[in-house]
Every structure is written in C-alpha cells, then in structure tokens.
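My entries follow in the order I made them.

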Amino acid sequence: MSPDREPSARVPCVRVEREAGERTRQALAERGLLDRDHEIVSEDGWLYIPVSDGEALASEFEVVERAAPERERQTTPADLLGFEPSYERLGEVVLIDEDDPERARELAAAIVESDIPARAVLNRASKIKGETRVREWELLAGESTEALHREYGCEFALDLAAVYFSPRLATERRRVTEQVEAGERAFDMFAGVGPFVIPFAARGAEAVGVDINETAIEYLEANAARNGVSERVTALCGDVRDVAAAYEGWADRLVMNLPHSADEFLDTARLLAGEECVLHYYDIQPDDDPFGPGERAVRAAMEPTYEVHVENRRVVRSYAPHEENVVLDVRLWRV
Ligand SMILES: C[S@@+](CC[C@H](N)C(=O)[O-])C[C@H]1O[C@@H](n2cnc3c(N)ncnc32)[C@H](O)[C@@H]1O
C-alpha cells in the first residue's frame, strides 16, 4: 500500500469464484447493488465484490465482510480522450451520436476503458423513423442493444433496436405522474415500454397502455411484472384507433405522446374520454407559435362535445433549431 493511501475498510462483499466474477458483477450492477467506492479484491481464486447492501443479497450469494481498498478517483472517458465527449447513459448502455466512424470507434474504446459502467456502446445510425418511432443503432462495443433503465423508482427493460425510448423525457413523465391519483383510470394511447403507464399504476391508478409495436407491448408487460404492478396494468397491442371502442367513455386521464401526428388521433381521444378527463397532448411546433396549433386542433376535435380548458402550456425541450417539443395539459368536461 502506498504511504498516503487510506487503510482498507471492512465492507460487505459477495464472494464468487473468479470464473463467475464478471457475470456476477454485471448482475449486481444491473440491480444497482455494487459498492463503487471500493475495489474488487482477488484472492486464492476467489473474487470479493463490494456491495452496497449485503443483507439484501445474503439469501442469494455468499456475503462476507472483508477489507477492500478504497477506489482511486475514477477514470473518465475525457481523461483518456483529452476532451469532454458527449454521451448519454441508459443504465449501463452508453449512447453516442458521432458521424465520423473513426471518431466513433475512438470514443467507444475510451468509454469501455474508463470507469463508467458500460455494458455496450451504441452509435446513432438513423433518425427516429416510421410508425414505431424506432432508431437504428450501430453496436460499437458489447453484445446487446438491450438496456435496463431506472427512472424515479421504476425499472424499465427495453431493446433500443426494437422500441422507442428517450431518457430525456424523465422529468416530464415525473411531472405528469405526480398528478395521478389512486383509483383513477389512465389511458396511454402510445405507451411504448410503459414509462407513463407503470409509474401511474405504481401510484394506484388503473392503467391501460396501447402500442402498435408488438415488442414494445411485450416489454410493457414484462416491465409491469418487474415493477410489481401487473394487476393494475392492461397492455394492448394494435392501432389505438382499432382498440379504443372497448374503452369508450372510460378515461379520467389520457396521454398522447406521438408528437408529430397526435392531431390525427384526437377523434379517438374524444371517444376514450370520460365525463371529466385530463388530456396530456404532446406536440412539436415552430418556436414562434409552439402551442397554437395543438390548442386549435384539440378544440376543433373536442368542442362542443366537451368544454375545453387548457390548464398548462409547457415547453418540454428544444427539439431542433426553432422547433419546440411542447405539452398541453387540457381539462375536458362533457357538456
Ligand atoms: C414517441 S413514442 C412514445 C412511447 C412512450 N409513451 C414513451 O414516452 O416512451 C410513440 C409510440 O406510439 C406507437 N404508435 C405509433 N402509432 C400508433 C398507433 N396508431 N396506435 C398505437 N400506437 C402507436 C409507437 O410504436 C411508439 O412506441
């Protein structure tokens, strides 16, 4: 030990044979149970993996207390590259957006070599496209495009190559979720893998999610089970215009997150809405009038069947130069 290094502290560690080390480390990392402040120790063919909650793991693993040195400051991709790269993290999958293939490979190598947890590095290979809004990705490191993402206490498994997902909407989803009350009936018309439906159900709502993408619906069902809310979640695969009739007049809350074409589905929203209903209507519009087109479309579809009150107009994020992704929270009362 170097003279100025802290003496090793005794910490709970999972003890596994060296061959099972990486598999176990990954499983613990996915569950957020790694103690990243201490080093993994290798001794006599065994690995000792420091964990943050030894008691929680004691029934599944051999957990022992032992000395493990504190980790030195973590090496970042910027330390290795000499500049600050831009990347996003979705659990242990790292997302980059680099057009130059050489730079993309360099960046991926630095991410893998650094101390940030990275099971895979994916480079954007297309825009979001088509009905299912899925992007193509180039897998630069790792073996799978599947990620496990945590958001405000919920966990979402998803395959980026097969479904739409954006971690950038987490704060917006939280804002909407905080309005949800136990017992209410919430319908997400474009549900994806469930990032609205599952936290709604976790607050006690009865939640229905529809998606035209079969893989998204499979993940939604799996994510409902993963988060212990299956009994309050119904997942339906299909075009929402075709499945809506079974839920006529049902919804206390509607989510419409299909920003480029939500206006084409407002007749379906009117069919689904109950006596009183809150509609979260997402739109992408030029920044000189970001809310006007959505509000006019909602009024044209809902009036005079419903009295329409726009309670909130909010910019969610900048989408492109001079284009905003916005949301209208609209309260509807049947006249
Ligand atoms: C922008 S994504 C939003 C997904 C999810 N709400 C989220 O925030 O991650 C839109 C979703 O709508 C689905 N979709 C597109 N057209 C649809 C339709 N006609 N009926 C049902 N779902 C549709 C796509 O497959 C996609 O998963």
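I count two strands as paired if DSSP finds at least two bridges between them. Helices (H or I, at least four residues) and strands (E, at least two) are DSSP runs, numbered from the N terminus. The model is predicted, so to speak of local features I need pLDDT of at least 70, and side-chain atom pairs count only at pLDDT 80 or more, while totals for chains, interfaces and linings use all residues. Residues are numbered from 1 along each chain as its sequence is written, and side-chain values use heavy atoms, with hydrogens and water left out.

**Entry 1: strand β1**

I started with β1 (residues 9-17), which pairs with β4 (residues 63-68) in the antiparallel sense over six bridges. Ala 9 has Ala 68 of β4 as its bridge partner. I then looked at β3 (residues 46-50), which runs antiparallel to β1 and is joined to β1 by five bridges. There, Cys 13 is bridged to Pro 50 of β3.

**Entry 2: the sheet from β5 to β8**

I traced an open sheet of four strands, ordered β5-β6-β7-β8, with mixed pairing. Its edge strands, each pairing on one side only, are β5 (88-90) and β8 (137-141). Neighbouring strands are turned by 30° against each other on average, direction ignored. For such angles, axes are lines fitted to C-alpha atoms, for helices over the stretch in contact, and the angles run from 0 to 180 degrees between N-to-C directions. I found four bridges between β7 (residues 120-124) and β8, in the antiparallel sense. Asn 123 stands opposite Glu 138 of β8.

I also checked the loop between β7 and β8, where Arg 133 sits. Arg 133 is not a glycine, yet its phi is positive, about 60°.

**Entry 3: the seven-stranded sheet**

Next I followed an open sheet of seven strands with mixed pairing, in the order β13-β12-β11-β14-β15-β17-β16. The edges are β13 (233-237) and β16 (306-320), and each pairs on one side only. From one strand to the next the twist averages 15°.

I looked up β16 and β17 (residues 323-334): they run antiparallel and are joined by twelve bridges. Val 310 has Val 330 of β17 as its bridge partner.

Helix α5 (residues 170-177) lies across β15 (273-286), β16 and β17, at about 160° to β16. Helix α7 (residues 214-226) touches β12 (206-211) and β13, and its direction makes about 170° with that of β13.

In the loop between α10 (292-302) and β16 I came to Pro 304. The peptide bond from Glu 303 to Pro 304 is cis, with omega near 0°.

Notes:
Contact means heavy atoms within 4.5 Å.
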